[in-house]
Amino acid sequence: MATAVAVKQEKLNNIKALLAKAKGHIADVLPAHMSPEKMIRIVSAAAGRNPMLLECEPLSFVASVITASQLGLEPVGPLQEAYLIPYRNNKTGQYEAQFQAGYRGLIKLARNSGQIAGIEAHIVYESDEFEVNYGTGSYIKHIPAMTDTPGAKKAVYAVAFFKDATTKPQFEILTPAQVKHIKGKSKAQDSGPWKTDEDEMWRKTAIKRLCKYLPMSADLATAIELDNKAEIGESQAEYIDIPFISDMAEPVEDKSKSDKIAEQLKINGGA
């Protein structure tokens, strides 16, 4: 009888085999400054560290990696541009890996529109000096207290600065109650980045709300749509199309399930 360690290693080897088969396709969609070897290395390491990712349908894991590659975002790396999150598909009972952008990833994609000079997102604490004014002279004034005991969070905001200096910065502010309401809709509110990187998720929430008012590239729109699907636990399959994926099902033991998912997956070639 196989030990738990042996079973885990077998599942990890299966993931690595699928990624090796997909290496050429990953290389095709990655930006020039990113290598497929590095992408495969970091996502394989992530799968090895997270047992739940190994429980996911392997082809969904590969699809999520290719999605991140197409968007030019490094998942599960030190930059935290994106995440690979295991979600249980209530219809199939199977866990699926889903792509989610991090707040740094959203900033990166927003700047790709060519009109955004930069985006900042900050959390406001009770001891900070914070002033906001709406209207024709709208502005934010935020002076952090710079103390080890800043108090509770009282707001989070994101500000976009435009390359056209004549265009006023656009900002969006959320209260703790608003963030809590959004978090409450997430199927992974007690796991994943909401648990391990809560401050980053506060910033990401503000940036996602801000992006509604910004020039949006196709990649940014795709990332937000996929992120919204993942947050509420809906499958991303209908948004993902990988034509070659059905040819990769051979290493997977449950071929019927893999073929079924392969037929559903749709990612549109890096648009």
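Two strands are said to pair if DSSP finds at least two bridges between them. Helices (H or I, at least four residues) and strands (E, at least two) are DSSP runs, numbered from the N terminus.

The model shown is predicted, with local features needing pLDDT of at least 70, side-chain atom pairs counting only at pLDDT 80 or more, and totals for chains, interfaces and linings using all residues. Residues are numbered from 1 along each chain as its sequence is written, and side-chain values use heavy atoms, with hydrogens and water left out.

**View 1. Strand 3 and strand 6 in antiparallel pairing.** Nine bridges join strand 3 to strand 6 (residues 153-162). The bridge partner of Ile116 is Phe162 in strand 6, and Ile123 stands opposite Val156. Strands of a sheet pair through backbone hydrogen bonds, either parallel or antiparallel. Seven of the ten residues of strand 3 are buried (under 20% relative accessible area, with exposed over 50% and partly exposed in between; 1.4 Å probe, protein chains only).

**View 2. The open sheet with strand order 3-6-7.** The three strands of this sheet pair in antiparallel fashion. Strand 3 and strand 7 (170-174) are the edge strands, each pairing on one side only. From one strand to the next, the twist averages 10°. Helix 6 (residues 176-184) lies across strand 6 and strand 7, and runs at about 80° to strand 7. Axes are lines fitted to C-alpha atoms, for helices over the stretch in contact (heavy atoms within 4.5 Å), and angles run from 0 to 180 degrees between N-to-C directions.

**View 3. Helix 5 and its cover.** Within helix 5 (residues 103-111), the buried residues are Tyr103, Gly105, Leu106, Ile107, Leu109 and Ala110. Their cover includes helix 4 (58-71), strand 2 (95-101), strand 3 (116-125), helix 8 (198-211) and helix 9 (218-231).

**View 4. The largest nonpolar core, with 34 residues.** A nonpolar core is a set of buried Ala, Val, Leu, Ile, Met, Phe, Trp, Tyr and Cys residues joined through side-chain atoms within 4.5 Å. Phe99, Ile119 and Ile207 touch the most other members. At least two residues each come from helix 4, strand 2, helix 5, strand 3, strand 6, helix 8 and helix 9. Helix 8 gives the most, with six residues. A second, separate core has 23 residues, among them Leu12, Met34, Ile42 and Ala47.

**View 5. The whole protein, with ten helices and seven strands.** Of its 271 residues, 46% are buried.
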